[in-house]
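Please look over the sequence and the model shown here, and then follow the description from the whole chain down to single residues.

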Amino acid sequence: MSSVLVLNGPNLGRLGTREPEVYGAETLEDLARQLREDAPDLRIDVRQTDTEGELIAWLHGAADSGAPVILNAGAWTHYSYALRDAVSLVTTAGGVVIEVHISNPHAREEFRHTSVITAVSTGVIAGFGFESYRLALAYIRRNGR
């Protein structure tokens, strides 16, 4: 393993200014810096998109390359079956997809309580801010994938 994909869905490019009481004051660039400091020996590829098809294409690439994925799908978590199928492509090919959330979805609005991608993800970490991503990265490093 030489690289890890850290994929972020809609509105996460607005971290730092979007609902800081929920998501904190740090930016996506701050997250990338923290993850790179945690794993200087790995290529940490942090990406964000507001386009569902682009996120799906990145997951297809992970299925083909075997790169482990840390995924915060944002709102798509709750209803995108196309995204669910793309996550399943990665995990059924033997890859790792760890679903992460900055906030705890179960402590928020009811529509956020359901994730259509959890059942096909390797695991889920939620509610710890950016530490959710860091915990996912630590798991990937310990398990060599």
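What pattern does the chain follow when it is read along the sequence? Read in that direction, the pattern is β-α-α-β-α-β-α-β-β-α, with 5 helices and 5 strands in the chain, where helices (H or I, at least four residues) and strands (E, at least two) are DSSP runs numbered from the N terminus. The radius of gyration of the chain is 14 Å, close to the 15 Å that the globule rule gives for 145 residues, so the chain is as compact as a globular protein of that length; the radius is taken over C-alpha atoms, and the rule is 2.2 Å times the number of residues to the power 0.38.

The model is a predicted one, in which local features need pLDDT of at least 70 and side-chain atom pairs count only at pLDDT 80 or more, whereas totals for chains, interfaces and linings use all residues. Residues are numbered from 1 along each chain as its sequence is written, and side-chain values use heavy atoms, with hydrogens and water left out.

Along its principal axes, the C-alpha trace spans about 35 × 35 × 25 Å. If contact means heavy atoms within 4.5 Å, then among contacts between residues at least 6 apart in sequence, 78% join residues at least 24 apart. The accessible surface comes to about 6,900 Å², of which 48% belongs to carbon and sulfur atoms, the areas coming from the Shrake-Rupley method with a 1.4 Å probe, and for residues only the protein chains shown count as cover.

Helix α4, residues 81-92, has 12 residues and reaches 16 Å from its first C-alpha to its last, close to the 16 Å expected at 1.5 Å a residue; the expected span is 1.5 Å times one less than the number of residues. Within α4, Leu 83, Ala 86, Val 87, Ser 88 and Val 90 are buried, and the buried residues of this helix pack against α3 (52-65), β3 (69-72) and β4. Tyr 81, also in α4, counts as exposed at 55% relative accessibility, and its C-alpha atom is separated by 6.8 Å from that of Val 116, 35 residues apart along the chain. Just after α4, Gly 94 takes a positive phi of about 95°.

Most residues other than glycine have a negative phi. Asn 11, although it is not a glycine, has a positive phi of about 70°; this residue is placed in the loop between β1 (3-8) and α1 (20-23), and Asn 11 counts as partly exposed at 38% relative accessibility.

Another loop residue, Thr 122, is found between β4 (97-101) and β5 (123-126) and counts as partly exposed at 35% relative accessibility. Leaving aside neighbours within four places in sequence, Thr 122 is in contact with Thr 91, Gly 95, Val 96, Val 97 and Tyr 139. Thr 122 and Val 69 are 53 residues apart in sequence and 9.8 Å apart in space, C-alpha to C-alpha.

Ser 65, placed in helix α3, counts as exposed at 56% relative accessibility, and the C-alpha atoms of Ser 65 and Arg 14, 51 residues apart along the chain, are separated by 29 Å.

Technical notes:
Buried < 20%, exposed > 50% of the residue type's maximum accessible area, 1.4 Å probe, protein only.
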